Amino acid sequence: MLFKRKPRDYQLEDFERSKDMRKFAILYEMGLGKSKVTNDTAIHLYAKGKINAVAVIAPNGIHTKWAKEDFPNDMPDAVDYSVAIWKSGDKNAIQSCEKLFDPGPQLRLLCMNIESLSRKGSPAELLLKRFLNATDCLLVIDESDTIKNPSAKRTETLLKLGDKAAYKRILTGTPINN
């Protein structure tokens with residue numbers, strides 16, 4: 001595989017080990033390149049025709065970093081992709097998310113803040129459900145320690161919707177006790 005940015009040795013090792021796994025966890029400390037391994041996996045799966053979409057669910061602010069920095073830094077020029085950032089109540093952002101449903105061969109990238117999934121039946125939940133149903137998706141939960149409480153609404157929502165994803169990744173740089 002051709003990488004836009006050369007991975008570090010441990011990133012390449014984890015990429016090679018996990019690239020075709022349906023589920024995988026990347027538990028590096030902050031700043032060590034969890035998104036790089038995840039993006040390289042997405043590119044690999046897209047090139048093999050296994051996925052046509054990626055949904056990144058992350059804490060508010062981090063989800064926009066994926067769209068504005070992480071994807072552009074890792075996507076090779078040969079990969080045609082479109083990105084949308086969910087923002088509750090923002091008409092332009094919602095229209096941008098809706099465009100991800102337009103037909104075409106591009107890789108679709110949806111970035112959503114995890115807080116928007118805290119209310120059952122929220123517009124974010126409905127959009128994510130439609131997105132997962134309409135695509136072959138790699139679902140990524142960044143800072144997955146934010147869904148450690150099994151009785152929290154967003155945890156319940158993501159566990160239920162996660163069954164619709166073709167591939168899943170959880171990422172965190174925060175150690176989890178016990």
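Reply: Helices (H or I, at least four residues) and strands (E, at least two) are DSSP runs, numbered from the N terminus. This is a predicted model, in which local features need pLDDT of at least 70, side-chain atom pairs count only at pLDDT 80 or more, and totals for chains, interfaces and linings use all residues. Residues are numbered from 1 along each chain as its sequence is written, and side-chain values use heavy atoms, with hydrogens and water left out.

Me: Where is G31 placed?

Reply: G31 sits in the loop that runs between β1 and α2.

Me: Is G31 buried or exposed?

Reply: G31 counts as exposed because its relative accessibility is 65%. Here buried means under 20% relative accessible area, exposed over 50%, and partly exposed in between, with a 1.4 Å probe and protein chains only.

Me: Changing topic: which residues touch the most other members in the largest nonpolar core?

Reply: I51, V54 and F71 do, in a core of 24 residues. A nonpolar core is a set of buried Ala, Val, Leu, Ile, Met, Phe, Trp, Tyr and Cys residues joined through side-chain atoms within 4.5 Å.

Me: Which elements supply it?

Reply: At least two residues of this core come from each of β1 (23-26), α2 (34-47), β2 (53-58), α3 (62-74), β4 (107-113), β5 (137-142) and β6 (167-171). The largest share, four residues, is that of α2.

Me: What does V54 touch?

Reply: Not counting residues up to four places away in sequence, V54 touches A42, F71, L107, R108, L109, L110, F131, C137, L138 and V140. Contact means heavy atoms within 4.5 Å.

Me: Now the helices. At what angle do α1 and α2 pack?

Reply: Helix α1 (residues 9-18) packs against α2 at an angle of about 40 degrees, and their axes are 10 Å apart. Axes are lines fitted to C-alpha atoms, for helices over the stretch in contact, and angles run from 0 to 180 degrees between N-to-C directions. The two helices α1 and α2 are therefore oblique to each other. For this wording, angles under 35 degrees count as roughly parallel, over 145 as roughly antiparallel, 65 to 115 as roughly perpendicular and the rest as oblique.

Me: Is the crossing of α1 and α2 left-handed or right-handed?

Reply: It is right-handed. A crossing is left-handed if the near helix is turned anticlockwise from the far one by less than a right angle, and right-handed if clockwise. In the contact, Q11, F15 and S18 of α1 meet K36, V37, D40, T41 and H44 of α2. These residues divide into two nonpolar, four polar and two charged. In this grouping Ala, Val, Leu, Ile, Met, Phe, Trp, Tyr, Cys and Pro count as nonpolar, Asp, Glu, Lys and Arg as charged, and the others, Gly among them, as polar.

Me: What about α2 and α3?

Reply: Their axes cross at roughly 60 degrees and come within 9 Å. The crossing of α2 and α3 is right-handed. On the α2 side, S35, K36, T38, N39 and I43 meet W66, D70, F71 and D74 of α3. By class, this contact has three nonpolar, three polar and three charged residues.

Me: And how do α5 and α6 cross?

Reply: The axes of α5 (residues 123-134) and α6 cross at roughly 15 degrees and come within 10 Å. Helices α5 and α6 are therefore roughly parallel to each other, and their crossing is right-handed.

Me: Back to the loops. Which phi does E143 have?

Reply: E143 has a positive phi of about 55 degrees, although it is not a glycine. Its place is in the loop between β5 and α6 (153-162). E143 counts as buried because its relative accessibility is 12%.

Me: Finally, what is V79 in contact with?

Reply: Leaving aside neighbours within four places in sequence, V79 is in contact with I43, Y46 and L107. V79 is found in the loop between α3 and β3 (81-85), and at 13% relative accessibility V79 counts as buried.
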